[in-house]
Amino acid sequence: MTSVFFLFLAALALNHREAQAWHTSRLGLSKRFARRGGRRAHQHEATASRTSLHLSEDEKYAEASMLRGALRLGTSKPKSIVALFPGVGGSANNVAGLGKGWLEQNPDTQVIIFEEDAFSGIRALSAVWKLLPTLFNSSRKDNLSSPAVDGYDCKLFDAARLRSNFFGDVLLACCNDVSYALQEVLSDTGLTDENLVLAGFSQGASIAAYTGFLRGVAGIILMGGPGAPQLQLLPPKEKTTTQVCIISGDSDPLAPQEQLVSAFQIYGEHVNIIPDISHQIVNDHVELGGAFISNILAREDKCNE
């Protein structure tokens, strides 16, 4: 029982760490933008707001739990989807300016900003409970295939077939809720993972990274995270076409640049380390992220011609 309790605490540790990350950067998006290029960031927000798709409460996604309260910006008939995940404790409105800035640069896309936390205590507890039987499965030690080795050949994590370690399995089980929601969005719009870019700040970067590789999306944008990359959950370079863009501050104590570059640089060499920036979002994230989205989606269009 002691070992089970310890593993449960480990599964919830991510929430505590990311809660500290959010506490250091909870001033809100506009104040963070103000530190670098604030005026231009506000111009992005003011201009992009005119293209927002305002939905009534009953028009918002309701079927998938992860889509409750999500903001959906842009055209109702997009050519691509950008899913944005805030940090722990943050709301969709906190990063709405960022999403609107990307939308301004990519008007044919639809930006969906998630409100629900995939790594919440309740979801982590549920994942641990579902995975507990695998701890006592004698075949686990004989079948240690990992998602990275298997090359992420399925859209959802299957604990009975894909095993890395217990903590990694908990993370992927939580990401299943996100994957279900994304599949609903793609079905609703008639798009595929080739038209999908996932982005996240702080804890949201973990959601974007592990769900993105699991699904094989076109691109992933990591901002201020993941703070402690789970290398066993990352596919070999030759097994994925997913491109990763790192946009992070060189003074971020919660997501050291060395760790991010070491883990994710191989997926396309899209590395942007912003000088004199800590764990926060600034206007550089709008411009660099928007440019990455444009380039990745253009590349996918060219490949499909």
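At which residue does α7 bend? The bend falls at N176 and amounts to about 25 degrees. A bend here is the angle between axes fitted to the seven residues ending at a residue and the seven starting there. Helices (H or I, at least four residues) and strands (E, at least two) are DSSP runs, numbered from the N terminus.

This is a predicted model, in which local features need pLDDT of at least 70 and side-chain atom pairs count only at pLDDT 80 or more, while totals for chains, interfaces and linings use all residues. Residues are numbered from 1 along each chain as its sequence is written, and side-chain values use heavy atoms, with hydrogens and water left out.

Helix α7 covers residues 166–189. Of the 24 residues of α7, 17 are buried, so the helix is largely enclosed by the rest of the structure. G190 follows α7 and has a positive phi, near 75 degrees.

A pocket is found on a 1 Å grid over the protein atoms alone; it is an open set of points where a 1.4 Å probe fits, with protein on both sides within 12 Å along at least five of seven lines. Lining residues have an atom within 4 Å of a point. Grid points are joined across faces, edges and corners, and a volume is the space filled by probe spheres set on the points. The largest pocket has a volume of about 230 Å³.

Side chains of opposite charge can pair when their charged atoms come close. A salt bridge is a side-chain nitrogen of Lys or Arg within 4 Å of a carboxyl oxygen of Asp or Glu. The count is 5 salt bridges. One of them joins D193 and R215, at 2.7 Å from N to O. D193 lies in the loop between α7 and β4, and R215 in helix α8, so the pair ties together parts 22 residues apart in sequence. D193 is buried at 8% relative accessibility. R215 is buried too, at 4%. Salt bridges that share partners join K155, D193 and R215 into one network.

R68 and E116 form another salt bridge, at 3.8 Å from N to O. This pair links distant parts of the chain, 48 residues apart: R68 sits in the loop between α3 and β1, and E116 in the loop between β3 and α5. R68 is partly exposed at 43%, and E116 is partly exposed at 24%. A further salt bridge pairs D108 with K79, with the closest N and O atoms 4.0 Å apart. D108 is partly exposed at 43%, whereas K79 is exposed at 59%.

Cysteines were also examined. A disulfide is a pair of cysteine sulfur atoms within 2.5 Å. The count is 0 disulfides. The sulfur of C175 is 7.0 Å from the closest cysteine sulfur, in C174, which is too far for a bond. C175 is buried, with a relative accessible area of 0%. C245 is buried as well, at 2%.

Definitions and conventions. Buried < 20%, exposed > 50% of the residue type's maximum accessible area, 1.4 Å probe, protein only.
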